[in-house]
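The following note sets out, point by point, what may be read from the structure shown below. It is meant to be followed with the sequence and the model side by side.

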Amino acid sequence: MVEQLEPAVIELGQSCGHVNCWETMECGNDICVRYGKEIEFPCWLHVGYVESALGSCIGGATRQDCLNCKVFQLINGDSQTLNAIFRLFHSMKGSAGFLELENICGVAHAAENLLDLVRSGGIWIRPQHVDLLCTTCDFTKDALDYLQDNLSDKGMAEDARLVRDNLTEAIKQANDALDAGRKTYLTKDGAKEPEEERTADSMQENTSSEKEFLITTQMVEHFVQEADELLQAFEQGLLKWINSIDDMEILGDLLRNIHSFKGNCGFFGYVDLEMLSNKIETIMDAVKEKANVDKHKAAKVMLELVDVLRTAMFDISNEGAGAISNLPLYLELIESLLPKGWLVTPGKEKGSLFLGDLLIEQGSVSPKEIQIALEEQRKPLGDILVKKGVVTKRQVQEALKKQKEARSMMTVAPVIEKKVKVAPKDVLKRQDIRVNLTKLDSLINLIGELVIAEKVVVNNNDLHDLQLDNFNKAAQQMDKIVRELQEMAMVIRMIPVSGLFRRMIRLVHDLGAKSKKRVVLKLSGEETEVDKSVIETITDPLVHLIRNSIDHGIEPQKERRKAGKPDEGTVRLTARHEEGEVWIIIEDDGKGLDRQKIIEKAISKGLIEGDGSELSDKQVFSLVFQPGFSTADKVTDISGRGVGMDVVKQNLKKIQGKIDIQSRQGVGTKVTLRIPLTLAIIEGMLVRVGKSKCILPILSIQETFRQDSNKIIVSPDGQEIVRLREEFIPILRLHEVLRTEPDYHKFKDGILIVFEAHEKKACLFVDEILGQQQTVIKGLSSYIGNVKGVSGCTILGNGEVSLILDAGTLVYLAEKQEDNNRTVMKGGE
Amino acid sequence: MAQNKGIVEKLDDELYDEDEEDAQKDKYLTFHLAKEDYGIEIRFVTEIIGIQRITKVPDMPDFVRGVINLRGKIIPVIDVRTRFRLEPKEYDDRTCIIVVNINDMAVGLVVDEVSEVANIPEDQVEPPPRTGRGDRGRFIKGMGKMEEDVKIILDVSRLLYDEELEMLKGAAPAKEKKRATAG
């Protein structure tokens, strides 16, 4: 839940604009109190719309009109997002309250208050508010971590107080500004709506506007599954309860189940379901509180109601709205079960959400007063106003007509929207189960071992030279199945990158604020799936790359304007499948890499010789991956030490990934992380030198050939170079890398393999090529750590361990040799 | 007889609480190397296997013999003789690999011959003698007395990691080194 919260908060912040109403609406009403003035709070709501008879705005007649007004929406941000955030905080508060986690509950409550103020037009969302809400998210995350370790949030009290105080302070400031604004702009003394009415009012809106949402099919799927589980648990609990009607424990379970069910329904905006389950909860609560309820009858009714809920759930899974026909009938049925007077104070459940109840709890008002207030509130607002003499009846009627039109529009729109959003049926019927990750990992490990064991059996030495037609047939069949099994295992581990990407939203927001640049992050291809370990490995690189983009790439606003770019910088994060790999692309529209500066720096560090003019852009840009390489003039607290890109390179290497940098000065930079689809298996070429067998990844191999020794050029420093068509390629003798004794020293006896990595070619001299095979990559033990030229190892058909060569470092080694390290190597010949 | 029965019962008890630390206390796996008997705490030992084909890994210190395949798992193997700078000896059918597990990492130790599991009470273990000669003493955790015999009790983690290894790994980035030490 928290994970969804943060991006939504930032999204909201970004969607808030700064507009003036008279400009946007092209309003010519210059006697309006708002006309030509920048007002510190967003809308008429508090300067008065028509119904409150204070404002002079001709655009809005009712509160609803105001809330639907274009200006209001432009200023207050995307209302759907706002509602989604509100709901998230609300359910957080609900769950926390239910579990008696007071600190989390308190913070969520304060955040809710702030949001409520925003929603009702009380304040503009300013960056500081977004920051505040982000801090709240942080706190929640910390608190949840703490909770996991300590099973209580008591220790977070201090933090909670801090966050809560900040939130309250922000609310207070906003309210002060509001009051000040009222005084300044209003001639009449504002007939203040009582606070509670406003809150209660917005609560009502909350339910009525609940159907506009950010809810995806995926979420609905989850909802249906979870709700189904809950209902099933509830039903079974009920059956148990019927047999032992006084068992409080079962009752508690029942309450919890139906409460979560209600919460979920509320969150997804299935009003009917929420209402019915709420009633069921009330009755359960009444039973728990030992009210005078016929328990057996209640149980029977509830069993029937479970069926009703089920039918509604079925409707939802078939793209329905989850409406319950005859809802009033059922509600009445329940109410008839309840003892008299029970419903009057329905707020006895924990974590009550109604302001009135809270006030009673605090002891500041008596239930009776609330009752009266509620009575009053139930009357149409218009009537109250007429009574107060602030508007005429006709005005109200006119306004009501408008309101009706607006409402009918409102109810139609979401329905259409929903139809578009909900994907085909079969997607909804997908079934998921949650599996413990360790179980999954051990399954995958076992499958990996099975693959090896199968090879050991089929290629067993004992079978050598035997005539085994039937065995071979069976072995082939088995090979096929095992391979499919392994592919499945790989698919199981695949998860979409969306979670990772969404985490970056916060990062971009924070960094943008820190470096005082306006930056938007655009995401695409979030649904692309990659291996779980890939996600873990590329998180750090992504953070560094995005930091670089914002800190070095995107220019300050002034420079951007000068260059004719929009004020707002864009960082684009894309994931997609390409060339049998997954590409993660980080793109910005900043100033790009400065080729000259990199070359200068590289020369001064002695990384390249000459003036660097003969190097390709790619070669130049790859210099930035050198540890400690930075062209930044000064080190900021975000970046500039030249560590980040090294991290990127190291992490990518771990998962056999590659990095491409494209950049045009003044236009932007594009970094592509290319990650192989399956990490654990590679297609490899088995080669032999002396007694050692090694695997060279087939993807890097270009060709193999034999060459006479006299065709080999030996440079003065001893480097052997072979000429292949128009190219000169350095030769690396594998036995020198492995430090073993080869069978052949002469080139004509062995074989040369040309391979490529990092756009460079090298030639590997080996004794013999043994063949091609699928290999399951295993890491060398962490005890051994990184080995030069080796990326891992695998187990061969006969159970032997064989090293997997790393084409990248081998190319590098071959190059190093060229430098002058030959003296040591020559000893081996 | 009665005494014997007592021992059997005691053994049974120990088998049942195998997971508990108490049962493994004071127990040492002893092995023979060159002319001496050594012991390592039993709680580190996961299994003992016969010698098998070891795949060499380049650029390792000489005592790291390479890696082996232990039922699908890759584990590194250390030659204890080389580690102690003793004369190398051809591996034969008595040569064993003791698989130890430290900080969730399995490592094989090649020894000449495994002897037995011995019980050496704490009060029978003397602190290592201070010898001026060489630095091999650093692997020793104590001297276990068993009647006439003396078992040299080894510090397993010292055996695996020390400055020497770190130095040899100097080429690896600092991060890697740290990880290796951490286990």
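Predicted model: local features only at pLDDT ≥ 70, side-chain atom pairs only at ≥ 80, totals over all residues.

1. Helices are DSSP runs of type H or I with at least four residues, strands are E runs of at least two, and both are numbered from the N terminus. On that basis, Leu254(A) is placed in helix H11 of chain A, which spans residues 248-268.

2. Is Leu254(A) buried or exposed? A residue counts as buried if 20 or more other C-beta atoms lie within 10 Å of its own. Leu254(A) has 25 such atoms within 10 Å, and therefore it is buried. Setting aside residues up to four places away in sequence, Leu254(A) touches Phe234(A), Gly237(A), Leu238(A), Trp241(A) and Met284(A). Gln236(A) stands 18 residues from Leu254(A) in sequence, and the C-alpha atoms of the two are 9.2 Å apart in space.

3. The overall make-up of the two chains may be set out next. Chain A has 829 residues, of which 36% are buried, and it contains 30 helices and 18 strands. Chain B has 183 residues, of which 27% count as buried, and it contains six helices and 11 strands. Among contacts in chain A between residues at least 6 apart in sequence, 70% join residues at least 24 apart. For chain B, with a separation of 6 or more, residues 24 or more positions apart account for 51% of the contacts.

4. The largest nonpolar core holds 79 residues, and the members that touch the most others are Val9(A), Ile85(A), Ala111(A) and Val508(A). Helix H6 of chain A (residues 102-119) gives the largest share of this core, 10 residues. Domain 1 (80-178) and domain 4 (495-676) of chain A each supply at least three residues to this core. Apart from this core lies another, of 73 residues, whose members include Val790(A), Val801(A), Val99(B) and Leu159(B).

5. Ile85(A) deserves a separate remark. Which residues does Ile85(A) contact, leaving aside neighbours within four places in sequence? They are Leu5(A), Ala8(A), Val9(A), Leu12(A) and Leu115(A).

6. Helix H27 of chain A (residues 644-654) has as its buried residues Gly644(A), Met645(A) and Val648(A). These residues lie on the same side of H27(A), because they cover an arc of only 95° around the axis. The buried residues of H27(A) pack against helix H23 (532-553) and strand S6 (658-664) of chain A. Just after H27(A), Gln656(A) takes a positive phi of about 55°.

7. Backbone angles call for a further comment. Most residues other than glycine have a negative phi. Lys516(A), however, has a positive phi near 55°. Lys516(A) is found in the loop between helix H22 (498-514) and strand S2 (519-524) of chain A. It counts as exposed because it has 8 C-beta neighbours inside 10 Å. In chain B, Arg85(B) is not a glycine, yet it has a positive phi of about 55°. Arg85(B) is located in the loop between helix H3 (80-83) and S6 of chain B. With 12 other C-beta atoms within 10 Å, Arg85(B) is exposed.

8. The two chains meet, with 24 residues of chain A in contact with 23 residues of chain B. On the side of chain A that touches chain B, at least two residues come from each of helix H20 (437-458), helix H28 (734-738), strand S17 (790-795) and strand S18 (801-805). S18(A) provides the largest share of that side, three residues. By type, the residues of that side of chain A are 11 nonpolar, eight polar and five charged.

9. The model scores ipTM 0.73 and pTM 0.45. Chain B averages a pLDDT of 76, and 72% of its residues score at least 70.

Conventions: Residues numbered from 1 in each chain as written. Chains lettered and ligands numbered in written order. Contact = placed C-beta atoms within 7 Å. Nonpolar A, V, L, I, M, F, W, Y, C, P; charged D, E, K, R; others polar. Core = buried A, V, L, I, M, F, W, Y, C linked by C-beta atoms within 7 Å. Domains from an automatic or database assignment. Arc of directions from axis to C-beta. pLDDT = per-residue confidence, 0-100.
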